Each structure stands twice: as C-alpha cells, then as structure tokens.
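This report covers a single protein model.

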Amino acid sequence: MSESTHGRILITGAAGGVGTFLRTGLADRGWAVRGLDLVTPPDPGPVEWRVGDVGDPAVLDAAMQDVDVVVHLAGIPVEDRFDRILKTNIDGTYQVFDAAVRNGVPRVLAASSNHAVGYYERADYADSTIGVDVRPRPDTYYGVSKVFMEAIGSFYADRHNLQVACVRIGSCFEAPRSRRMLDTWLSPADAVRLFHALATAPDLRYEIVYGVSANKTAWWDMEPGRRLGYVAQDDSDVFAAKVEAEAADVYDPEDPEYKYLGGVFTTFVPPED
Ligand code: 15L
C-alpha cells in the first residue's frame, strides 16, 4: 500500500476521455494515481505519469509495481479494422490481465462497453431492464474485443483468483450528445463514483456491471453495480430539453440509432486503410 488513503491505482489509457475524468476524480478521492498512456497529456494533474504501450510486457511490469488496483481503459474506442482491434484491444487486454497476475496485483477493473451487447433491441425491454447475464451480442469488432475482455476477466478470476469487474460503459461524456445518450449517459462524476466503488468493494470475485447514470430513461439493470456500492447520482433528464431541441432527426423507433442498444455502431463498417 502507498501512503494515500486507498492505495495506488494504475490507469491504462489515462490520457483518453474516460481516463481524464477518472485520473483526477480518483486522485481527489484519495487514490495515488499512476497514469499510463502512449503520450503525456498537457495537464496530467496529480498523477505519476508513465509513457508506454500496453502491448509491451516490460512497460506493464514496471507500471504495475506497488499497485493495488488496475483500471484498464487503453484501447481503440470505436470500430476499426480487425487486425488493429486484435493487436490493441484483444492482445493489449490479454497483456494487462497477464501482467496483473505476474506482478501480484489483486484487482483489475476493465472498461468493457455497451457494444458487447449492442444488438439487443430496446423494444424487447419496454417493461424490463436488460441484465448483465444475457448472451453477448457484439455490434462491431470493437464490441467483440469487449466480449473477449469479459471472457479473459472471467478466466483469470477463476484460474488465478484475480478480482475482476468489467464495466459495460455507456456514453461517458460531460453531457449527453444525442437523444440515444439520454438513455446511455454516464456522467463523469458517476464514473468516478462507480470505479471508486468497484475499487473498494469487499469480496469482489468476478462481476459485470453497466456503467450508466441514474437516467430516467435508462433500460439497463443497475442492481449489480448497486450491490457493489455504486450509487449513481446524476440523471440525463436535466439535458433532455436541450438535446431534443438540437436533435436533427425525427424520432423513428426503427432507426438503428434508437432500435438497438448499441445505436449506430450496428451500422458501422471498418475502414479499409
Ligand atoms: C463506446 O464504447 C465508445 O468508446 C464511445 O466512444 C461511445 O460511442 C459509447 O460507446 C456509446 O455507445 O455512446
């Protein structure tokens, strides 16, 4: 344990969007934060910074010294060609889990995504919420890489007693950017609440949770997160009038953006180059 209140947390992909929210938010909560990314951001904040690639075991071994919890965010955050997803998201995630076991880090919190289950249809959940135990239905190669993340997390929890939580993150931005995101929004403050709760939850073995705020229109089961101490406090409803006024299209429940959990990701084709 370090001298901080909770210990040392390593965030991979700490320069990215979610990483930027978490690295300052978790430091404010009393964690000693170590950030790892390909670049150093102009304003890393109260963070010990490491530059390197999660694909490099030596980089990971150095970054995981004296670490209590790894938050694994690094990866391509959208659809891409399979070979790139394979290298960065699938092999990169394997490397992170393997390095955690090799270096005796007890807990890994991994950023899965709603796109692991993106082909589920909203209309089928008009009177219920979608659970975390449904069959994976990835909507992209990106989503496939998140299913792999959840699978290797489960394998390493069973094989190596690693404590693992996989967070199917919704849309983590300052504010919802579209009508769909009124359902899927995870506020930056709730993201910090969620990852802090998962980092400190007693008796964690293996869990999948949805990473979403307390949105009036959310249709994902919040109970697994709640059981682990996550109390969401934000609701996208405060942005609803603004989002509705700015929406360019007419609401059509058959539009993939609204029909599927993963929205337009269900229509994405990987780039050719
Ligand atoms: C994700 O997994 C992406 O990384 C992010 O860019 C958003 O598009 C988000 O899902 C979403 O579904 O809104």
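## Cysteines

The sulfur of C166 lies 17 Å from the closest cysteine sulfur, that of C172, which is too far for a bond. C172 is likewise in no disulfide, with the sulfur of C166 as its nearest at 17 Å. A disulfide here is a pair of cysteine sulfur atoms within 2.5 Å. A search of the whole structure finds 0 of them.

Are these cysteines buried or exposed? C166 is buried, at a relative accessible area of 0%. C172 is buried too, at 8%. Buried means under 20% relative accessible area, exposed means over 50%, and partly exposed falls in between (1.4 Å probe, protein chains only).

## Basis of the model

This is a predicted model: local features need pLDDT of at least 70, side-chain atom pairs count only at pLDDT 80 or more, and totals for chains, interfaces and linings use all residues. Residues are numbered from 1 along each chain as its sequence is written, and side-chain values use heavy atoms, leaving out hydrogens and water.

## Overall build

The protein chain has 9 helices and 7 strands. These are DSSP runs, numbered from the N terminus: helices are H or I with at least four residues, strands are E with at least two. The radius of gyration is 18 Å, close to the 19 Å of the globule rule for 273 residues, so the chain is as compact as a globular protein of that length. The radius is taken over C-alpha atoms, and the rule is 2.2 Å times the number of residues to the power 0.38.

The C-alpha atoms fill a box of roughly 50 × 40 × 40 Å along the principal axes. Of the 273 residues, 54% count as buried. Contact means heavy atoms within 4.5 Å. Among contacts between residues at least 6 apart in sequence, 69% join residues at least 24 apart.

## Sheet and helices

An open sheet of 7 strands runs in the order 3-2-1-4-5-6-7, with parallel pairing. Its edges are strand 3 (47-51) and strand 7 (206-211), each pairing on one side only. Two strands pair if DSSP finds at least two bridges between them. Neighbouring strands are turned by 20 degrees against each other on average, direction ignored. Strand 2 (residues 31-37) pairs with strand 3 over 5 bridges, in the parallel sense. There, L36 stands opposite R50 of strand 3.

Helix 1 (residues 17-28) lies across strand 1 (7-12), strand 2, strand 3 and strand 4 (69-72), at about 165 degrees to strand 2. Helix 4 (residues 141-160) lies across strand 4, strand 5 (107-113), strand 6 (163-169) and strand 7, at about 155 degrees to strand 5. Axes are lines fitted to C-alpha atoms, for helices over the stretch in contact; angles run from 0 to 180 degrees between N-to-C directions.

## Nonpolar core

The largest nonpolar core has 71 residues. Such a core is a set of buried Ala, Val, Leu, Ile, Met, Phe, Trp, Tyr and Cys residues joined through side-chain atoms within 4.5 Å. Residues with the most contacts inside it are I9, I11, L22, M64, F97, L109 and I130. Helix 6 (residues 188-200) gives the most to this core, with 7 residues.

Which residues does M64 touch, leaving aside neighbours within four places in sequence? M64 is in contact with L10, R34, V70, V96, A99, A100, N103 and V105.

## Positive phi in loops

Most residues other than glycine have a negative phi. N161 has a positive phi of about 60 degrees, although it is not a glycine. N161 sits in the loop between helix 4 and strand 6. It is exposed, at a relative accessible area of 53%.

D203, also not a glycine, has a positive phi near 60 degrees. Its place is in the loop between helix 6 and strand 7. D203 is exposed, at 75%.
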